[in-house]
Amino acid sequence: MEVTKFKATQEPIKARYSKDAKAAFLTLKARGSASESTVTCKVETGRGLALAGIHPKAGGTGQELCSGDMLLEALIACAGVSMRAAAAVLEIPIKSAAVSAEGDVDLRGTLGVTDGVPVGFKEIRLRFDVDSDATQDQLDQLIELTDRYCVIFQTIQNSPRTSVAMSKVRHR
């Protein structure tokens, strides 16, 4: 979306949500399916199916997407959009930006090899390399707002309440 159209579109939305908090609530959903014959999960995306599998360092083929990579990709997408939106609102000129993320996982936890080794990312690093005429103070403000308003980054930092359930279904 073009910057001026974005700003014009967002203002009435912000005004509405400041008056009606319930209107701002959004439930996002995702679906997938796992089959009997493979150790994969087909994830329904807005653009088709993504086939997720086990990372080769944990015994996978490497032909499917790694969910850890997908999490970092979601972080990059959200952070890049959040940074661009904040730059638009603050009128900070950004000619281009490269966004990268990397994370460290100790696979002993995932594979159950060593007791006490946690499952999941131990550390995630997010980086922006920007081409801009902005001052350092502007860039500092931009990274602060990007961090604050990036939904994925805030979710990772603040761990929401979670739950898991399983129900048995029979297909005839």
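What is the volume of the second largest pocket?

## Basis of the model

This is a predicted model, in which local features need pLDDT of at least 70 and side-chain atom pairs count only at pLDDT 80 or more, while totals for chains, interfaces and linings use all residues. Residues are numbered from 1 along each chain as its sequence is written, and side-chain values use heavy atoms, with hydrogens and water left out.

## Second largest pocket

The second largest pocket has a volume of about 460 Å³, a volume being the space filled by probe spheres set on grid points joined across faces, edges and corners. A pocket is an open set of points on a 1 Å grid over the protein atoms alone, where a 1.4 Å probe fits, with protein on both sides within 12 Å along at least five of seven lines; lining residues have an atom within 4 Å of a point.

Its lining comprises 18 residues, and His55, Cys66, Gly68, Val105 and Leu107 lie nearest the centre. H2 provides the largest share, 4 residues (helices are DSSP runs of H or I, at least four residues, and strands are runs of E, at least two, numbered from the N terminus).

## Largest pocket

The largest pocket has a volume of about 870 Å³. Of its 22 lining residues, Phe6, Gln10, Ser82, Ala85 and Tyr149 lie nearest the centre. Helix H2 gives the most to this lining, with 9 residues; helix H1 (3-19) and helix H4 (136-149) each supply at least two.
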